[in-house]
Amino acid sequence: MSELTATVASAPAPARAAPLLRPGNSNCPGCGMSMALQIFARGIEHRRVQLVVPASCAAVMAGPFPTTSLAAPVVLSTFGAGAAVATGLARVARLNGDGTRVVCWAGDGGTYDIGMASLSAAAERDEDVLYVCYDNEIYGNTGGQRSSATPAGASTTNTPAGKLEEKKDILAILAAHRVRYAASLSIAHPQDAVRKVRRALDTSGFRFLHVLAPCPTGWKSEPALGIELVRLAVRSGLYPIVEIVEGRKLVINHEPDFSTEALELYLSLQRRFQRSGLSAERFAAAIAQNWRDLRARSGRIVPADREG
Amino acid sequence: MAGQLLSANHAAALAAALAGRANRAARGFCSGVYPITPSTECMELLCNQEIEKGEVVRVESEHSAMAVCIGAAASGARTFSTSSSNGLALMAENVVAAALLRLPVVMVAANRTLGPPWNIWADHGDTLLLRDSGWVQLYCADNQEVLDSVLCAYRLAEDRRVLLPVLVCQEGFVLSHTMTETDVPSQERVDRFLPPLELPGRLGATPRVMGGIDAPHTTEVHRAQHHEAMGRVFEVYREVQAAFERELGRRPADPVVAYRAEDAEALIVSMGTIASTVVRAVDEARARGERLGAVRVRMFRPFPADALARLFRGKRRIAVIDRNLSLGFGGVLWGEARGQAEPGAIVQGYVIGIGGGDVRPAHVAAIAADLAARTAAGAPVLLEAGT
């Protein structure tokens with residue numbers, strides 16, 4: 001535990017009233033980001049946080065001025081500048097030693113695309129910022145266009161026949177920056193997720209968390225099925241649950257069963273994969289390759305976590 | 001004046017550092033910077049300053065430089081940035097955001113024409129691109145004015161009746177790289193002039209959202225409030241002038257500076273360093289018996305319309321010199337100043353010195369002669385200073 005962690009623990013911050021996202025928010029029913037935010041809130045506990053939210057569904061979620069559904073201090077930033085605005089807050093928090101943990105809460109477009117320069121630069125400078133990317137694999141806020149997080153084969157409003165290109169490997173990109181801590185979270189595996197949130201909050205320097213966040217509107221899926229969809233993505237190996245320390249030590253936290261049934265269910269429960277007709281076999285081949293790489297990088301295989 | 005030999009870039013950096021240290025008893029100082037010619041030396045010197053309770057973040061773009069200032073200012077710190085030309089253009093989105101969030105950020109622009117084609121020399125086209133960004137804009141005539149304006153900018157920006165960012169403009173190379181004797185005040189005097197910043201509504205531990213969603217009618221209210229704050233700048237600036245004179249022993253220039261204007265038959269209006277050249281040309285014209293006068297617009301936003309209207313009273317011939325060009329229109333200052341002249345007055349626009357063309361007293365004399373020969377105003381005249 002770092003010195004800063006001790007400061008945080010002793011900071012006279014009031015116990016935070018859960019939930020972080022209060023009633024009256026303007027999110028769609030079944031929004032994966034809302035669920036991710038509530039899991040995140042469980043990890044915050046007594047810690048004093050400030051959020052930076054770049055333009056996204058998360059920026060809209062707070063509701064119209066002067067109301068707010070977010071039970072935390074928040075700056076809504078311009079689309080590409082989330083990590084840089086967070087840098088300003090974090091530097092001043094450090095100057096004043098009040099133990100505030102600055103968290104950037106951004107969507108995939110703001111992270112993978114327009115925000116990549118400021119994200120990469122803040123990671124390179126090792127700013128004391130926790131960057132969370134809720135990834136709905138789409139520009140949900142503008143009606144569902146492709147981002148570089150959209151998987152191959154998924155239809156969006158500007159790639160109606162299905163996107164051709166593969167999704168960026170965001171964790172590998174952040175690992176290449178040798179960030180202090182990077183991890184993927186599953187909303188279907190909340191204990192692992194809350195543990196990672198706590199670890200990320202209590203680490204100093206730049207940290208990154210990636211959350212797969214189903215978007216019923218863009219994915220054309222049942223709002224009630226979000227958690228189940230993520231569980232299927234984890235089971236099939238499509239969404240690996242890992243953590244990477246200092247950009248080098250990769251730990252596989254959850255062993256998938258690589259079930260074909262899970263993969264087929266994942267694809268069939270969303271209508272966004274219908275038009276391209278990309279087969280489960282094609283996905284399975286990519287998953288197998290990805291897992292060969294992950295195992296090579298992890299150096300060991302961790303037994304399956306039976307949680308959830 | 002016993003001063004140091006300083007360029008305007010260095011004068012600006014020293015002023016920012018003094019202002020930063022003056023906030024050490026409050027939330028401190030945090031600056032986001034990125035290099036671009038001709039403002040680079042300002043950020044370089046700033047990066048070499050020891051600032052108690054201060055941070056200078058070397059970011060990856062001007063867009064992020066202003067974003068760091070936004071985050072830091074939201075947290076109640078005193079902030080600073082500096083840029084030029086295409087850097088300001090890239091930064092523009094966050095320049096607007098800083099203003100609309102009503103954050104008292106201070107920035108110095110070393111004016112440089114926009115490219116491509118690439119040109120590193122001065123004109124006001126870059127900062128006038130940000131004319132409608134909601135920032136107060138001050139245009140400086142010399143290096144001492146740059147240093148003093150930066151200090152005044154903080155006091156003005158941080159006043160609760162204003163709470164707006166301030167852009168201090170100084171021409172690239174003409175001032176940015178030209179050393180003149182400049183008085184640098186002591187930290188003690190700056191401390192007396194700049195009280196610790198207690199930003200109302202700063203981000204702390206209380207849940208609040210800065211920059212949340214506005215419905216149309218709330219945007220109307222917010223814009224009106226912003227506009228009203230701009231309107232209060234003149235009054236607050238007068239107080240800032242008085243406080244500056246009291247604590248630092250000099251009186252900063254008024255928003256509009258007149259020179260031998262009272263009995264003038266013709267006026268030449270300009271901004272920035274060309275105004276100094278115009279003063280020289282006025283003296284030469286007076287020596288020839290021509291009743292010429294000059295007006296320098298130092299504060300461009302908010303626009304000092306009333307002050308100009310007073311100076312234009314009874315004047316039948318007015319030349320407006322712009323070191324900028326709004327393509328398809330003419331000079332920006334001409335466009336705004338002509339509305340303050342009396343009906344029937346000849347207000348002729350001249351554009352000169354774009355991209356750093358060297359403007360001399362002889363050019364101004366030629367403009368005065370052209371104005372005197374006119375029976376009516378015509379389309380803006382684009383002059384090439386190089387010919």
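Before you start, know that the model is predicted: local features need pLDDT of at least 70, side-chain atom pairs count only at pLDDT 80 or more, and totals for chains, interfaces and linings use all residues. Residues are numbered from 1 along each chain as its sequence is written, chains are lettered from A and ligands numbered from 1 in the order in which they are written, and side-chain values use heavy atoms, with hydrogens and water left out.

**Stop 1: the largest pocket**

Select B:Leu100, B:Leu101, B:Met210, B:Gly211 and B:Gly212, which of the 43 lining residues are the closest to the centre of the largest pocket. The space here is about 1,100 Å³. A pocket is found on a 1 Å grid over the protein atoms alone, as an open set of points where a 1.4 Å probe fits, with protein on both sides within 12 Å along at least five of seven lines; lining residues have an atom within 4 Å of a point. Its volume is the space filled by probe spheres set on the points, which are joined across faces, edges and corners.

Now colour the elements that give two or more residues to this lining: α3 (57-61) and β2 (73-77) in chain A, with α4 (85-100), β9 (208-210) and α8 (216-231) in chain B. These names follow DSSP runs numbered from the N terminus, with helices (H or I) of at least four residues and strands (E) of at least two. By class, the lining has 21 nonpolar, 15 polar and 7 charged residues. Here Ala, Val, Leu, Ile, Met, Phe, Trp, Tyr, Cys and Pro count as nonpolar, Asp, Glu, Lys and Arg as charged, and the others, Gly among them, as polar.

**Stop 2: the second largest pocket**

Move to A:Lys167, A:Lys168, A:Leu238, A:Pro240 and A:Asn290, which lie nearest the centre of a pocket lined by 36 residues. The volume of this second largest pocket is about 770 Å³. Which helix gives the largest share of its lining? Select α12(A), which supplies 9 residues.

**Stop 3: helix α1 of chain B**

Show α1 (residues 8-21) and α2 (residues 40-47) of chain B; their axes come within 8 Å and cross at roughly 40 degrees. Axes are lines fitted to C-alpha atoms, for helices over the stretch in contact, and angles run from 0 to 180 degrees between N-to-C directions. That angle makes α1(B) oblique to α2(B). Angles under 35 degrees count as roughly parallel, over 145 as roughly antiparallel, 65 to 115 as roughly perpendicular and the rest as oblique.

The contact of α1(B) with α6(B) has 11 nonpolar residues, 1 polar and no charged.

**Stop 4: backbone details**

Zoom in on A:Phe65 and A:Pro66, joined by a cis peptide bond with omega about 5 degrees. You will find A:Pro66 in the loop between α3 and β2 of chain A. In chain B, the bond from B:Arg301 to B:Pro302 is also cis, with omega near -5 degrees. B:Pro302 sits in the loop between β13 (299-301) and α11 (305-312) of chain B.

Finish at A:Glu45, which is not a glycine but has a positive phi of about 50 degrees. The loop between α2 (32-44) and β1 (49-54) of chain A holds A:Glu45.
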